[in-house]
Amino acid sequence: KIIESLLFLNRRENAVLRKFDIKDLVDEIVFDLEDMAYEKNVNIISNVKSEMIYSSDILLERVLFNLGKNGISYNKDGGSLVFDFYEDENNYFIKISDTGIGISDEDKEKIFDLFYRVDESRNRKSGGYGIGLNLVKNIMEKLKGEIRVGDNIINNEKVGSVLYVVLPKIKDIQWGFFKIYI
């Protein structure tokens, strides 16, 4: 798994953009994460409605799967993981929020560094190597997007993390090195 992730990081191939339904993609990710969520007693909720977008479904699936997996791994017993989608004139936004242990302000600046681990003792249990979020960052750069990290605030209380995947709409950017399939 570690070798596969490192090889994926080093690929320089073109991203293939195509039209796809974001709801179908998120539903597939939720399905793929259901067993893990069941074992950790985490409820996965998708509020994503059917909407056709243009991006790389393959790369975006990897991003959302990694973020969802982390949202489950570092969640509390009986917690939740929620996927939301919205858009504005220029961007698509996918919001992944959890009710887990949260991320300190200091760690928010480092979590996308290769091999960075927030807490080594806790992370031994999760089986990670500090590659997944760096992979997310690299994919988002390839897609000309960004990833943002915040706190999940419910009733004025910090109860986990929120990650925002921000993808530019194709009409607003030069996609010189991308292949576009519509």
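# A friendly note on this predicted model

1. Just after helix 6, Lys144 adopts a positive phi of about 60°. As background, most residues other than glycine have a negative phi.

2. **Two asparagines with positive phi.** Asn41 is not a glycine, yet its phi is positive, at about 55°. You will find Asn41 in the loop between helix 2 and strand 2 (43-46). With a relative accessible area of 41%, Asn41 is partly exposed. Asn155 also has a positive phi, near 50°, and is a residue other than glycine. Its place is the loop between strand 6 (146-154) and strand 7. Is Asn155 buried or exposed? Asn155 has a relative accessible area of 73%, which means that it counts as exposed, since the cut-off for that word is over 50%.

3. **The overall plan.** The protein has 6 helices and 8 strands. Of the 182 residues in the protein, 45% are buried. Contacts between residues at least 6 apart in sequence have also been examined, and 73% of them join residues at least 24 apart.

4. **Helix 3 against helix 6.** The axes of helix 3 (residues 57-73) and helix 6 (residues 132-142) come within 9 Å, crossing at roughly 150°. The two helices are therefore roughly antiparallel to each other, because an angle over 145 degrees counts that way. Their crossing is left-handed. On the helix 3 side, the residues that take part are Leu59, Arg62, Val63, Asn66, Leu67 and Asn70. They meet Gly132, Leu133, Leu135, Val136, Ile139, Met140 and Lys142 in helix 6. Sorted by type, the residues of this contact are 8 nonpolar, 3 polar and 2 charged.

5. **A closer look at helix 6.** Which residues of helix 6 are buried? They are Leu133, Asn134, Leu135, Val136, Ile139 and Met140. Gly132 also belongs to helix 6, but Gly132 is partly exposed, with a relative accessible area of 29%. Gly132 and Asn66 are 66 residues apart along the chain, while their C-alpha atoms are separated by 6.1 Å.

6. **Helix 2 against helix 3.** Now compare a second pair. The axes of helix 2 and helix 3 come within 10 Å and cross at roughly 30°. That makes helix 2 roughly parallel to helix 3, because angles under 35 degrees fall in that class. Helix 2 passes helix 3 in a right-handed crossing. From helix 2, the residues in the contact are Ile22, Leu25, Val26, Glu28, Ile29, Asp32, Leu33, Met36, Ala37 and Lys40. Their partners in helix 3 are Asp57, Leu60, Glu61, Leu64, Phe65, Gly68, Lys69, Ile72 and Ser73. The residues of this contact comprise 11 nonpolar, 2 polar and 6 charged.

7. **The nonpolar core.** The largest nonpolar core has 39 residues, and the members that touch the most others are Ile22, Leu60, Leu64, Leu67, Phe83 and Val165. At least two residues of this core come from each of strand 1 (16-21), helix 2 (22-40), helix 3, strand 4 (80-87), strand 5 (91-98), helix 6 and strand 7 (157-168). Which element gives the largest share? Helix 2 does, with 7 residues.

8. **Tyr86, to finish.** Tyr86 sits in strand 4. This tyrosine is partly exposed, with a relative accessible area of 38%. Not counting residues up to four places away in sequence, Tyr86 touches Asn91, Tyr92, Phe93 and Tyr164. Along the chain, Tyr86 and Val48 are 38 residues apart, and their C-alpha atoms are separated by 8.3 Å.

How values were computed
Residues numbered from 1 in each chain as written. Predicted model: local features only at pLDDT ≥ 70, side-chain atom pairs only at ≥ 80, totals over all residues. Heavy atoms only, no water. Axes fitted to C-alpha atoms, helices over the stretch in contact; angles between N-to-C directions. Helix = DSSP H or I, 4+ residues; strand = E, 2+ residues; numbered from the N terminus. Parallel < 35°, antiparallel > 145°, perpendicular 65-115°, else oblique. Left-handed = near helix turned anticlockwise from the far one by under 90°. Contact = heavy atoms within 4.5 Å. Nonpolar A, V, L, I, M, F, W, Y, C, P; charged D, E, K, R; others polar. Core = buried A, V, L, I, M, F, W, Y, C linked by side-chain atoms within 4.5 Å. Buried < 20%, exposed > 50% of the residue type's maximum accessible area, 1.4 Å probe, protein only.
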